[in-house]
Amino acid sequence: MSSTTGSSAQGGVGGSGGPHSLAFRVMRLCRPSFQVDTPLLIDPLDLLTGEDILVNPIAASQLPNLFKQNPITITTNTETVPDLTFRNRYQLLNPSDAIGLSGLLVLPQAFGAIYLGETFCSYISINNSSSFEVREVVIKAEIQTEKQRILLLDTSKAPVESIRAGGRYDFIVEHDVKELGAHTLVCTASYNDGDGERKYLPQFFKFIVANPLSVKTKVRTVKENTFLEACLENHTKTNLYMDQVEFEPAQNWTAKVLKADEHHSLSNSKTREIFKPPILIRAGGGIHNYLYQLTMSSHGSPRMKIEGSNTLGKLQITWRTNLGEPGRLQTQQILGTPTPKRELELKIVEVPSVIILERPFMVIT
């Protein structure tokens, strides 16, 4: 399920002089959200009778007839009678009442936040607001960042033949967000106007990419083992369900994730083997810690380690939001304690008795 939202508030337009027949509208293509309402539990009889009905004994005697369909009763020593108190308004008559979900979905009303590691998906519509047809429309869309330009769409080899008066041409572009900071979606169109004049229309839509997670690491070395602790903190406004947080060790290293002991019933559960529940990191600052034990590979000797090298590896992180939208991040290389350079001590055991000038000789050390 998907929805579109209005064009970015930071959009801009430029191009050749004079009014343009065409105009771009850029919309964010994303999934809706649940509409959550705080449930208001009342007794429908309150709307008809009021709370003071119990004061009148004659009216109170007629209440059992009104409560024939009321499932809430109390049992005395002699009989079961309806519960005439008002405490049932605070009871959940149905388990779904506690959720507060109305069953409705809400379409986003704003462009929304865009985070690193997500797939930015945009629904773009180019509209002809003039009273005549435009022809030979060449459309281009690209993403510009501080480091690069990525072409998303180019119809140069197959231009749109025509867009009728009042008509439009729609398309969808996607981009895997891999950089932080300012991004610009550049949409351009070259077309023949009604009088045959060739016109060029560029429009710019800016948005900011934020970091969804912060990863803090600590490295401790105990004898031959190195322990890596990674703390993940959620900076988004939605819960993140971590599908995978794996450490990819560098060459000659092996990694083992350390977890707390599980309850016996959970560790032997067949359901748990088939379905591995994701780890929840709550919105707005929720954290979760991971611990890895790193050791040198069995096929490699510690002496093979390059002196001075302290690269341990990197983390691969994948997650999903409440409605399943995926995200993926890869950290930079995580560094450990630099390997100290060992001092060498050289001792000469035997030298030749005679050494000839300018000729090599053998020394035993």
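## Pockets and cavities

A pocket is an open set of grid points with protein on both sides within 12 Å along at least five of seven lines. The structure described here is a predicted model, and its largest pocket holds about 890 Å³ of space. The lining of this pocket consists of 28 residues, and those nearest its centre are Arg28, Cys30, Arg31, Thr321 and Glu325. Two or more lining residues are given by each of strand 3 (22-30), strand 4 (33-36) and strand 9 (119-128). Strand 3 supplies the largest share, with 3 residues.

Rolling a probe the size of a water molecule over the atoms shows where empty space is left. In this structure there are 2 cavities of 30 Å³ or more. The second largest cavity has a volume of about 30 Å³. Its lining is formed by Tyr115, Glu118, Pro212, Thr236, Thr238, Leu240, Trp319 and Thr321. Of the residues lining the second largest cavity, 4 are nonpolar, 3 are polar and 1 is charged.

## Salt bridges

Side chains of opposite charge can pair when their charged atoms come close. The whole structure contains 6 salt bridges. In one of them, the side chains of Arg149 and Glu142 have their closest N and O atoms 2.4 Å apart. Arg149 is exposed, because its relative accessibility is 58% and exposed means over 50%. Glu142, in contrast, is buried, with a relative accessible area of 15%.

Salt bridges with shared partners also join Glu133, Arg135 and Glu161 into one network. Arg135 meets Glu133 at an N to O distance of 3.3 Å, and the closest N and O atoms of Arg135 and Glu161 are 3.7 Å apart. Arg135 belongs to strand 10 (residues 134-144) and Glu161 to strand 12 (residues 160-163), so this pair ties together parts that are 26 residues apart in sequence. Arg135 is partly exposed at 37% relative accessibility, and Glu133 is likewise partly exposed at 37%. Glu161 counts as exposed, at 54%.

## A nonpolar surface patch

Ile348, Val351, Ile355, Phe361 and Val363 make a nonpolar surface patch of about 450 Å². One of these residues, Phe361, is found in the segment after strand 24 (334-335). Phe361 is partly exposed, with a relative accessible area of 48%.

Definitions and conventions
Residues are numbered from 1 along each chain as its sequence is written. This is a predicted model: local features need pLDDT of at least 70, side-chain atom pairs count only at pLDDT 80 or more; totals for chains, interfaces and linings use all residues. Side-chain values use heavy atoms; hydrogens and water are left out. Patches are made of residues with over 30% relative accessible area and no salt bridge: like charges are joined within 9 Å, nonpolar side chains (Val, Leu, Ile, Met, Phe, Trp, Tyr) within 5 Å. Accessible areas come from the Shrake-Rupley method with a 1.4 Å probe; for residues, only the protein chains shown count as cover. A salt bridge is a side-chain nitrogen of Lys or Arg within 4 Å of a carboxyl oxygen of Asp or Glu. Helices (H or I, at least four residues) and strands (E, at least two) are DSSP runs, numbered from the N terminus. Buried means under 20% relative accessible area, exposed over 50%, partly exposed in between (1.4 Å probe, protein chains only). On a 1 Å grid over the protein atoms alone, a cavity is a set of points where a 1.4 Å probe fits but cannot get out, and a pocket is an open set with protein on both sides within 12 Å along at least five of seven lines; lining residues have an atom within 4 Å of a point. Grid points are joined across faces, edges and corners, and a volume is the space filled by probe spheres set on the points. Ala, Val, Leu, Ile, Met, Phe, Trp, Tyr, Cys and Pro count as nonpolar, Asp, Glu, Lys and Arg as charged, and the others, Gly among them, as polar.
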